[in-house]
Amino acid sequence: MLRYLVNRIASACLVLLVVSLFTFALIWLVPGDVASQLADPGASVEELQRIRARLNLDQSWHVQLLSWYGNLLRGDLGQSFLLNRSVTEAIIERIPVTLSLTLLALVIAVVLGVSAGIIAAVRHGGWADQSIMALALVGLSIPDFWLGLVGIYVFAVALGWLPSGGFVPLLQDPVGWARSMALPAFTLGITQVGLIARITRSSMLDVLGQDYVRTARAKGVPAFQVVAKHAFANALIPVITVTGVIIGVLLGGAVVIEQVFSLPGVGRLIIGAVLRRDYPVIQGGLLLLAFIYVFVNIVVDLLYAYVDPRVRYG
Amino acid sequence: MADLASAERHETESLPPERFAMLKRFMANRSFVIGGALFVLVVMVALLADVIAPFDPLRNNFRYRLGPPNAAHLLGTDSFGRDVLSRLLHGSRVSLVIGLLVVILTGLFGTLIGAVSGYVRRLDNLIMRIMDGFMAFPPILLAIAIGAVLGPSLLNAVIALTVAYTPRTARIVRASVLVVRESEYVEAARALGAGHIRILFRHILLNSLGPLLVQLTFIFALAILAEAVLSFIGVGPSPPTPTFGNIIADGRNYIAEAPWITIWPGIAIMVTVLGLNLLGDGLRDVLDPRLRAEAR
């Protein structure tokens, strides 16, 4: 197990190196002169020079690279142009919103997806199976941000049950928090239900066809127990794997959903920065979400190795 | 009836039996047929947009702003009084072109990178770690960031989405190259003195086409969804050019008074993507029997 862990972390470090290098290089992809884009149209030469100095763009590339990594190791992601504060601060302030949205959506997606998948597998070929699978496919084809807007129209505008956006901190007003998070979390989660349902179903079908399940049935284990205990535990493995992928999709989706529901998270910060060309914030936000994703995938892999001994000895 | 039977028999004779069996398997696959039909429908609509669109998608009509659907404007009008249906028909073009370009470029780069990685053992580790690095970004976020620095345009959206989805394609190609590389007929070709390039293209890549095709169909679907997101947040092709995403972005501000502006483009995206997803499922069932067992 230890060797597996060390290997896994070593390869994650390599991935993080690529991630941070790319994020660093991002500003070089900006066509033309970065400084003159950021400055007011009639900016003086000194003004442009000041902006370059602030972005370190007046240095040679290896100095830029070294100071990028030096700052990174100290947790310094640079200064935002528009917010007039450090990117790290701005992100830390907003990360709880993004993480709680992603986590809630994940719970919704896994609970609904796994239950739907199990029902479909147990009722294999029946109408329940067919309608769940059809719905799953439709779900995979819906743009999440659009679903959010439709949700706002139905539940906020037409019915008036939920707020159309905005955020209430959990500690300030738990009910208000739940109301403000309900629509965004469901919107984000529901788009991934289909994928989880499909994986759970095919994995359950695989397991239900195995000899040991037949043996369990033959020796008189109740049907519910066969499904819940014998089959489900073993069918879980592919579901765990896909959960790692889904967290990435949810983190990306959260960026857009925050924008739709005006939630003050990292995603909204990034998109605000995109529209106003606040490059340090784009770089910082991108880097942070990628780091979280890599970290989550290490955890998923370890969980996977824990559930399936073949992985850690293989 | 008799005519049909004889026609069928005739067809059996004229087609080589293998190809006919393949065709029959495609036609017997419900996902493939429904998905294919949906997708062909969308493509036809996009191609014929000029002919079937009742209005100029860019023409303003300030006397009928945010107009609800009526006989003249079947899906209503937007905040500039432009016909939503016409904008949708023309928008489908832009979205499909972006999707198609992303598929072509992703296919090209993904194949190149995946083939080199799978065939040249010494480079494999390095290339795949770089690909892993790119896959550590949520794809939509990566596309947003690249789109943001390059600036909003159709071409830049294509570049951004290609970068976001190429690693996945490369991984699929590499996986099938690794399998095919060890097969006996490749060994036979090598024994007969075939060069690396010939082996790679003629023997290995040609036999890895199935999984690639399946993957590219799903990437087409993902690219259309992602393009909508990019346009929605303002890093896609800039207005007034209609795309599914920027029609929704425009409608968002009027969701209470004029929900039709927002709702219809979403349904159009859904139909297009559903068609592609079904098509991909069908292709996978037929081309990749290994996975078929899993997807029962």
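**Grounds for the descriptions**

Q: Why is A:Arg277 called partly exposed?

A: In this predicted model, A:Arg277 has 17 C-beta neighbours inside 10 Å. A residue is buried at 20 or more such neighbours and exposed at 12 or fewer, so a count in between is called partly exposed, and A:Arg277 therefore counts as partly exposed.

Q: What makes the backbone of A:Arg277 worth a remark, and where is this residue found?

A: A:Arg277 has a positive phi of about 55 degrees although it is not a glycine. The residue is found in the loop between α11 and α12 of chain A, just after α11(A).

Q: Which phi does A:Ser262 have, and where is its place?

A: A:Ser262, which is not a glycine, has a positive phi of about 50 degrees, and its place is in the loop between α10 and α11 of chain A.

Q: Why is A:Ser262 described as partly exposed?

A: Within 10 Å of A:Ser262 there are 14 other C-beta atoms.

Q: What covers the buried residues of α11(A)?

A: The cover includes α5 (87–122), α10 and α12 of chain A, together with α7 (139–150) and α11 (209–233) of chain B.

Q: Why is A:Ala254 called buried?

A: A:Ala254, which lies in helix α10 of chain A, has 30 other C-beta atoms within 10 Å. The cut-off for a buried residue is 20 or more, so with its count of 30 A:Ala254 is buried.

Q: Which residues are in contact with A:Ala254, leaving aside its neighbours within four places in sequence?

A: A:Ala254 is in contact with A:Thr98, A:Leu101, A:Thr102, A:Leu188, A:Gly265 and A:Gly267. A:Gly267 is also one of the buried residues of α11(A). The C-alpha atom of A:Ala254 is separated by 27 Å from that of A:Ser11, which is 243 residues apart from it along the chain.

Q: What makes up the secondary structure of chain A?

A: Chain A comes to 13 helices and zero strands. Of the 314 residues in this chain, 38% are buried. Among the contacts in chain A with a separation of 6 or more, 70% are between residues 24 or more positions apart.

Q: How many residues of chain A and chain B are in contact, and which classes make up the chain A side?

A: In the model, 41 residues of chain A are in contact with 41 residues of chain B. The elements of chain A that give two or more residues to this side are α1 (2–25), α6 (127–140), α7 (144–158), α8 (174–208), α10 (223–261), α11 (266–275) and α12 (279–307). By class, the chain A side has 36 nonpolar, five polar and no charged residues.

Q: What confidence does the predictor give?

A: The complex has an ipTM of 0.85 and a pTM of 0.86. In chain B, confidence is lowest in helix α14 (residues 289–295), at a mean of 48, and highest in helix α5 (residues 84–119), at 91. Over residues 1–12 of chain B the pLDDT is below 50, and beyond near neighbours in sequence this stretch has one contact in the model.

How values were computed
Residues numbered from 1 in each chain as written. Chains lettered and ligands numbered in written order. Predicted model: local features only at pLDDT ≥ 70, side-chain atom pairs only at ≥ 80, totals over all residues. Contact = placed C-beta atoms within 7 Å. Helix = DSSP H or I, 4+ residues; strand = E, 2+ residues; numbered from the N terminus. Nonpolar A, V, L, I, M, F, W, Y, C, P; charged D, E, K, R; others polar. pLDDT = per-residue confidence, 0-100.
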